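Good morning, and thank you for the time.

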Amino acid sequence: MFRRVWPWLLVMLAPGALAESLRIGFGTNKPPYVFEGLSRGLEYEIVVAAVRASGDEVAVRYAPMERLHLAIGRGELDGIATTNAYSGVQVFYSQPYIHCQNVAMALTSRGYRITRMPDLGQYSISSFQRARYLLGPEFQAMAEANPRYREEAQQINRNRLLYSGRVDVVIGDPRILRYFNRKVADQVDVSQPVTQYPLFPPTAYSVGFRLREHRDRFDRGLAAIRASGEYARIEQRYANY
C-alpha cells in the first residue's frame with residue numbers, strides 16, 4: 001500500500017508541483033524596459049525571473065497602463081508591473097524591483113526655465129499613462145490643475161509631440177525617449193537639442209498583486225535573484241541603452 005501511495009506524495013511535495021501561472025500585466029512597448037511581444041526588456045526580465053525564482057510561472061498580458069489598473073481591480077489579472085502605492089489601487093505591493101529616473105524634457109530652443117514642479121503648470125505637457133499618480137502628490141496636483149496636461153497610451157507619441165513642437169514639455173525616462181528617436185526619425189527632426197529638467201527623485205516601481213500570498217512569493221523570488229547575481233546580469237544586458 002505504501003509503495004503505491006508514496007510516489008503520489010512525492011509529486012505533491014515536489015518543488016513546482018503547486019506552481020501557479022500568474023497573469024502579469026505589462027504596459028505597452030517601452031524599450032529598453034519592455035519590448036512588447038518579444039519576451040524581453042530590463043523590466044520584463046526582472047519581473048519574470050523573480051516570479052520563476054518563487055516557483056511560479058508567468059502568463060504575460062500587454063495593455064495600456066490605465067486598462068491594466070482596471071483589469072486587476074476586476075480580477076482579470078493576478079499582478080501588474082510598473083506601479084506603486086501612489087497609484088491608489090487596492091492591491092498588495094511588492095518590494096521595489098526597479099528604480100527609474102524620470103525627468104521633464106523640452107526642446108532647448110524654447111529656452112524654458114523650469115526649476116520647481118509648479119513651474120510645469122504654465123506649459124502643455126505630455127506624459128505616460130498613470131504618471132499623474134505614480135510620480136507623487138506634487139506632480140499630481142500640478143497635472144490636475146493644468147488643462148493642457150495629457151497622458152499617452154503609446155509612449156512613442158511623446159517623441160512625435162516633442163520634436164514637432166506640438167507640446168512644450170514631455171515627462172518620462174530619457175532612455176525610452178532615446179530609443180524611440182530611431183523610430184520617428186523619418187517623421188520629425190530628432191537632431192534638435194533637448195534640455196532635461198531633473199525635477200523628480202528616482203521612481204520606485206513595484207508589482208501590484210491581487211493576493212498577498214503572490215506578493216510574498218514574488219518578494220522572496222526577487223531577493224533570490226539579487227542574491228544569485230541574476231538581477232545584475234539582467235541589468236548588464238541593458239546597460240548600453
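Which residues does the UniProt annotation "domain: Solute-binding protein family 3/N-terminal" cover? According to the unreviewed UniProt entry, the annotation covers residues 21-240. UniProt positions are given in the numbering used here, feature names are shortened, and annotations may be inferred rather than shown by experiment.

Two remarks on the basis of what follows. This is a predicted model, in which local features need pLDDT of at least 70 and side-chain atom pairs count only at pLDDT 80 or more, while totals for chains, interfaces and linings use all residues. Residues are numbered from 1 along each chain as its sequence is written, and side-chain values use heavy atoms, with hydrogens and water left out.

Within residues 21-240, 36% is helix and 23% is strand, and the end C-alpha atoms of that span lie 32 Å apart. Helices (H or I, at least four residues) and strands (E, at least two) are DSSP runs, numbered from the N terminus.

Let me turn to the sheet. Five strands form an open sheet of mixed pairing, in the order β8-β7-β9-β6-β10; two strands pair if DSSP finds at least two bridges between them. Because β8 (149-152) and β10 (194-197) stand at the edges with a single partner strand each, one side of each is left without a neighbour in the sheet. Direction ignored, neighbouring strands of this sheet are turned by 25° against each other on average.

How do the individual pairs run? Strand β7 (residues 125-128) is parallel to β8, joined by 4 bridges, and S127 has E151 of β8 as its bridge partner. β7 also pairs in the parallel sense with β9 (residues 169-172), over 2 bridges, where S126 is the bridge partner of V170. By contrast, β6 (residues 103-107) and β10 are antiparallel over 4 bridges, with A106 opposite T195.

In general, the side chains of a regular strand alternate between the two faces of the sheet. In β7, I125 and S127 point one way, S126 and F128 the other. All four are buried, that is, under 20% relative accessible area, against over 50% for exposed and in between for partly exposed (1.4 Å probe, protein chains only).

Next, a helix pair. The axes of α2 and α9 are 9 Å apart, at an angle of about 165°; axes are lines fitted to C-alpha atoms, for helices over the stretch in contact, and angles run from 0 to 180 degrees between N-to-C directions. The two helices, α2 and α9, are therefore roughly antiparallel, a label for angles over 145 degrees.

Finally, the salt bridges, defined as a side-chain nitrogen of Lys or Arg within 4 Å of a carboxyl oxygen of Asp or Glu. The count comes to 16. One of them joins E45 to R237, with the closest N and O atoms 2.6 Å apart. This pair links distant parts of the chain, 192 residues apart: E45 lies in α2 (residues 42-53) and R237 in α9 (residues 230-237). E45 is buried, at 14% relative accessible area.

Another salt bridge joins R52 and E57 at 3.2 Å, N to O. R52 is partly exposed at 49%, and E57 is partly exposed at 39%. R215 and D216 meet at 2.7 Å, N to O; here R215 is buried at 14%, whereas D216 is partly exposed at 29%.

Methods:
Angles under 35 degrees count as roughly parallel, over 145 as roughly antiparallel, 65 to 115 as roughly perpendicular and the rest as oblique.
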